[in-house]
Amino acid sequence: MADSARSSSDHHALGVHGPDALHRRGLMLILSSPSGAGKTTIARRLLEHDAEIAMSVSVTTRSPRPGEVEGKDYHFVDRAEFDRMVEDNEFYEWAEVFGHCYGTPKAQIRARLKEGLDTLFDIDWQGTQQLYQKAEADVVRVFILPPSIEELRRRLTGRGTDSAEVIAARMARAQAEISHWDGYDYVVVNDNVDACYGQICQILAAERLKRARQTGLIGFVRELTRG
Ligand code: ADP
Ligand code: 5GP
């Protein structure tokens, strides 16, 4: 749409499609929360229902686990290639976790931003800070809180994926995670999952309409104000 909006000869394209279809720049939506508050649940719904957003795919030096797919779960590379990417500044951020390297590559995300497509990140407050430092204007930071600490514990237990020990460690870490709530643009409480998902959709809708992201507006308004 950006091309037709910019074309001075094509008035009909504007009339037919209207400003809703004007080109926009994509955004980087970050969801953070203490473990168990529901970010995976919300992220899954978003990815399922919204074709304009996709999960960020990290680069890692660890080997694929059974069932993991190259390009979907991770981009799997060897250490030499990872080091080259670090050297060439190809990551927004990277870290070494349990002896393996993980990084968020810039190239694919930047291409999506240009195309008007959004990228979803499920990262903690430290990753959020790093991404924000590198791409402030493109980043939207959302923090998800549980309705109570008791409910957080119930969800971690109910999920059935972790031992009592791991749950205790996650509960201890939750306090530290929650203390970073003020480093985010939006904070939502995930009490009712439908309501929380609805609020995140509203945030996304409003952020997509931000003037600075609506790159197609320039040509559109030029047309509107011509003579
Ligand atoms: P996170 O990704 O933040 O660790 P999950 O999305 O895995 O959290 O959610 C933890 C557990 O809580 C899951 O079993 C999920 O089904 C459940 N859950 C998520 N949101 C809600 C909610 N609003 N009400 C009740 N249970 C929820
Ligand atoms: P796993 O090997 O189990 O998939 O991931 C191990 C850890 O690496 C997880 O804690 C995960 O959050 C972290 N991780 C995955 N991708 C990235 C990334 O791009 N950057 C950073 N800093 N950590 C990552």
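Two strands count as paired when DSSP finds at least two bridges between them; helices (H or I, at least four residues) and strands (E, at least two) are DSSP runs numbered from the N terminus. The structure is a predicted model, in which local features need pLDDT of at least 70, side-chain atom pairs count only at pLDDT 80 or more, and totals for chains, interfaces and linings use all residues. Residues are numbered from 1 along each chain as its sequence is written.

An open sheet of 4 strands runs in the order β4-β3-β6-β5, with mixed pairing. Its edges are β4 (75-76) and β5 (91-97), each of which pairs on one side only. β4 joins β3 (residues 59-60) in the parallel sense over 2 bridges, and His75 in β4 is the bridge partner of Val59.

The largest pocket has a volume of about 2,100 Å³. On a 1 Å grid over the protein atoms alone, a pocket is an open set of points where a 1.4 Å probe fits, with protein on both sides within 12 Å along at least five of seven lines, and lining residues have an atom within 4 Å of a point. The volume is the space filled by probe spheres set on the points. This pocket is lined by 47 residues, and Lys39, Tyr74, Asp122, Ile123 and Asp124 lie nearest its centre. Elements giving two or more residues to the lining include β5, β6, β7 (118-122) and α3 (39-49), while α8 gives the most, with 6 residues. The lining divides into 17 nonpolar, 15 polar and 15 charged residues, where Asp, Glu, Lys and Arg count as charged, Ala, Val, Leu, Ile, Met, Phe, Trp, Tyr, Cys and Pro as nonpolar, and the others, Gly among them, as polar.

Notes. Chains lettered and ligands numbered in written order. Heavy atoms only, no water.
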